[in-house]
Amino acid sequence: MTTIFVVWNDKRITGIPIIDDQHRGILSTMNSLFYFMRKRSSTNTIINLTTSLEQHINIHFAVEENMLRETRYDKAEEHAKYHIEISKKMRTLSAKLRHSGNAADLLIFLKTLWKDHIEVHDMAYKQHVDSFLRSRYDA
């Protein structure tokens with residue numbers, strides 16, 4: 001039996017369907033990366049999964065930033081800057097992985113980051129987006 005690296009927890013639900021779906025997909029890809037790393041799969045497999053994970057995260061950040069601008073979230077710019085910091089760190093760790101073939105540092109970073117990203121940063125805008133959407137569709 002293989003251990004799951006990151007287990008989905010319902011306290012991570014934002015109630016925004018596309019965001020929740022993307023979060024689950026990213027966590028699933030992280031678990032796949034962990035699985036193949038533990039199986040000592042080829043460096044090519046690890047690199048391909050890392051590339052896929054980066055693409056999922058970049059798409060998620062773009063959707064999230066667009067949604068926050070559209071809903072006029074007062075901390076949208078701050079949230080976007082946070083995404084830039086994350087992306088820079090990911091690129092650094094991904095480059096290290098491509099050189100070494102070892103995804104451990106990237107996985108540790110992502111596990112810590114993702115919990116913080118969802119449970120702190122995303123939950124901070126949850127009520128704002130929910131109120132915006134309710135006012136838009138209740139009118």
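This is a predicted model: local features need pLDDT of at least 70, side-chain atom pairs count only at pLDDT 80 or more; totals for chains, interfaces and linings use all residues.

Me: Where does arginine 40 lie, and is it buried or exposed?
Reply: Arginine 40 sits in the loop between helix 1 and helix 2. Its relative accessible area is 74%, so it is exposed, the cut-off for that being over 50%.

Me: Which loop holds arginine 72, and what is its phi near?
Reply: Arginine 72 is in the loop between helix 2 and helix 3. Its phi is near 60°, again a positive value in a residue other than glycine. Arginine 72 counts as exposed because its relative accessibility is 66%.

Me: Let's step back. How many helices and strands are there?
Reply: The protein has 4 helices and 0 strands, and along the sequence that reads α-α-α-α. Its C-alpha trace spans about 55 × 30 × 20 Å along the principal axes.

Me: How far apart are the end C-alpha atoms of helix 1?
Reply: They are 32 Å apart. Helix 1 covers residues 17–38, and at 1.5 Å a residue its 22 residues should span 32 Å, so the two values agree.

Me: What about helix 3?
Reply: Helix 3 has 25 residues, 76–100, which should span 36 Å at 1.5 Å a residue. Its end C-alpha atoms are 36 Å apart, so that agrees as well.

Me: How do the axes of helix 1 and helix 2 cross?
Reply: The two axes come within 10 Å and cross at roughly 165°. That angle is over 145 degrees, so helix 1 is roughly antiparallel to helix 2. The crossing is left-handed.

Me: Now the inside. Which residues of the largest nonpolar core touch the most other members?
Reply: Those are Met30, Leu33, Ile57, Leu110 and Trp114, out of 26 residues in that core. Helix 1, helix 2 (43–70), helix 3 and helix 4 (104–138) each give two or more residues to this core. Helix 4 supplies the largest share, 7 residues.

Me: What is isoleucine 57 in contact with?
Reply: Setting aside neighbours within four places in sequence, isoleucine 57 is in contact with Ile26, Met90, Leu110 and Trp114. Apart from this core lies another one, of 8 residues, including Leu68, Tyr73, Ala76 and Val129.

Me: Which residues of helix 1 are buried?
Reply: Among them are Ile19, Ile26, Leu27, Met30, Leu33 and Phe34, and also Asp20, Gln22, His23 and Asn31.

Me: Why does glutamine 22 count as buried, and what does it touch?
Reply: Glutamine 22 counts as buried because its relative accessibility is 15%, and buried means under 20%. Not counting residues up to four places away in sequence, glutamine 22 touches Ile59, His60 and Val63.

Me: What's buried in helix 3?
Reply: The buried residues there include Ala76, His79, Tyr82, His83, Ile86, Met90 and Leu97.

Me: Last one: how much of the whole protein counts as buried?
Reply: Of its 139 residues, 40% count as buried. As for contacts between residues at least 6 apart in sequence, 73% join residues at least 24 apart.

Terms used. Residues are numbered from 1 along each chain as its sequence is written. Side-chain values use heavy atoms; hydrogens and water are left out. The expected span of a helix is 1.5 Å times one less than its number of residues. Buried means under 20% relative accessible area, exposed over 50%, partly exposed in between (1.4 Å probe, protein chains only). A nonpolar core is a set of buried Ala, Val, Leu, Ile, Met, Phe, Trp, Tyr and Cys residues joined through side-chain atoms within 4.5 Å. Contact means heavy atoms within 4.5 Å. Axes are lines fitted to C-alpha atoms, for helices over the stretch in contact, and angles run from 0 to 180 degrees between N-to-C directions. Angles under 35 degrees count as roughly parallel, over 145 as roughly antiparallel, 65 to 115 as roughly perpendicular and the rest as oblique. A crossing is left-handed if the near helix is turned anticlockwise from the far one by less than a right angle, and right-handed if clockwise.
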